[in-house]
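Could you walk me through this structure as if I were seeing it for the first time?

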Amino acid sequence: MIRRAILALALLSAAGAVAQASASAPAVPDNAVVTGNELPANLSAFGFFADGPAQIPAARVTPYRLNTPLWSDGAEKLRFVYIPDGSQAKAEGENLLQLPVGAALIKTFAFQDHGKRRLIETRVLLHRTDGWVALPYLWNAEQTDAKLALAGARVPVVSPAGEAIEYRVPNKNQCKECHGLNGAVIPIGPKARNLSRDWLDRFAAAGMLDAAPAVAHPVPLWEDRAKAGSEAAARGYLEANCAHCHQPGASASNSGLDLRWEQDDPHALGIMKRPVAAGRGAGSLLFDVVPGKPSESILLHRMGSLEGGVAMPELGKATLDHEGLAVVERWIAGL
């Protein structure tokens, strides 16, 4: 219920942002700052927002959501994609949208604080001529702007579940742990299969995408996980939360796990696969996934831990995702 409320708020926020942005016109991002070599000290320097504190996007900055999002201690996330004038993204089938040089992905993390939304950090991915650059920005106490936080930070917050935690803003190098693939930094979220049909159609109709791709097997909406089926819900969760590291060429490729949505080899998904790089994270368990036996599966054991060296994922987790645990447990139990 908590996550459903957060997603609903994100949708309402995105819809409201579009309406307000179109009514108040013409703030536009600064292309020279987006594509330049400098690392701006303040988020406002990019001009991504007509109103940063209210998260109202500027022109050509489009809100979006993912069907099944990555969970980060229950934080509300507001996602935007910027496509510069004269450019457009290209569809690559059901995979990641190919965003042009000059594009940017912007994601703000927020928690509720005394009944109000408190912006914690905004991460930006800038597509420059020499590749993608990932930068974290930390919002100030006044909620007027966010400052570049190359070293990351820890921020005390109360999670939606009511837990007082030290929320961790990753440093610049840690961004690469999730966004690294074959030695390059890449986006991980906006895959066509994890975006809605309506959004893809509208993005293409606005001229920002060359064509809305056909998606035969979309990742299910997280809110619909109960009716999506145990396998689809769990595989969608693993795709969004784990596959960016657990795939060939990524930071956890030495695990031998490949948790991407399109993977259909049971062994690659961990079924009756012995761990090869889990160390003490495996505990006394022998296989990554044991059909019908969630309690004997390393995958679930690590998801259900907060202990350093055991807990998975390693970043963005100070609390347990009980709803995510439930869908993966249901899938393993039904194998």
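Here is a tour that goes from a helix to the cores, then to the strands, the loops and the cysteines.

First, some ground rules: this is a predicted model, where local features need pLDDT of at least 70, side-chain atom pairs count only at pLDDT 80 or more, and totals for chains, interfaces and linings use all residues. Residues are numbered from 1 along each chain as its sequence is written, and side-chain values use heavy atoms, with hydrogens and water left out.

Let's start with helix 4, residues 197–205. Helices (H or I, at least four residues) and strands (E, at least two) are DSSP runs, numbered from the N terminus. The buried residues of helix 4 are Trp199, Leu200 and Phe203. Looking down the helix axis, you'd see these buried residues fall within an arc of 100°, so they line one face of helix 4. That arc is taken from the directions from the helix axis to the C-beta atoms. Buried means under 20% relative accessible area, exposed means over 50%, and partly exposed is in between (1.4 Å probe, protein chains only). Turn to the other side of helix 4 and you find Asp198, Arg202 and Ala205 exposed. And what do the buried residues of helix 4 pack against? They pack against strand 3 (61–64) and strand 4 (76–82), with contact meaning heavy atoms within 4.5 Å. Just after the helix, glycine 207 takes a positive phi of about 85°.

A nonpolar core is a set of buried Ala, Val, Leu, Ile, Met, Phe, Trp, Tyr and Cys residues joined through side-chain atoms within 4.5 Å. This core has 22 residues, and the ones touching the most other members are Val81, Ile83, Leu97, Leu99, Trp199, Leu200 and Phe203. Strand 7 (131–139) and helix 4 each supply at least two residues of the core, and the largest share, three residues, comes from helix 4. Apart from this core lies another, of 21 residues, with Ala104, Ile106, Ala110 and Tyr137 among them. In soluble globular proteins, nonpolar side chains tend to be buried together.

Now for strand 5, residues 104–113. Seven of the ten residues of strand 5 are buried, so this strand is largely enclosed by the rest of the structure. Strand 5 pairs with strand 4 in the antiparallel sense over seven bridges; strands pair if DSSP finds at least two bridges between them. Across that pairing, glutamate 76 stands opposite alanine 110. Strand 5 is also joined to strand 6 (residues 116–128) by ten bridges, again antiparallel, and there phenylalanine 109 has glutamate 121 as its bridge partner. Strands 5 and 6 form a hairpin with two residues between them, and histidine 114 in the turn has a positive phi of about 55°. The side chain of histidine 114 is joined to that of aspartate 113 by a polar contact of 2.5 Å. (A polar contact is a pair of N or O atoms within 3.5 Å; within protein, one must be able to donate a hydrogen and the other to accept it, and residues adjacent in sequence count only if both atoms are side-chain atoms.)

Most residues other than glycine have a negative phi, and most peptide bonds are trans. Aspartate 73, though, has a positive phi near 55°. It is in the loop between strand 3 and strand 4 and is buried, with a relative accessible area of 2%. Asparagine 182 also has a positive phi, of about 55°, but asparagine 182 is exposed, with a relative accessible area of 63%. Elsewhere, methionine 312 and proline 313 are joined by a cis peptide bond, with omega about -5°. Proline 313 is in the loop between helix 7 (298–303) and helix 8 (322–334).

Last stop, the cysteines. How many disulfides does a search of the whole structure find? It finds zero, where a disulfide is a pair of cysteine sulfur atoms within 2.5 Å. The sulfur of cysteine 178 is 4.4 Å from the closest cysteine sulfur, in cysteine 245, which is too far for a bond. For cysteine 242, the nearest cysteine sulfur is that of cysteine 245, 8.5 Å away.
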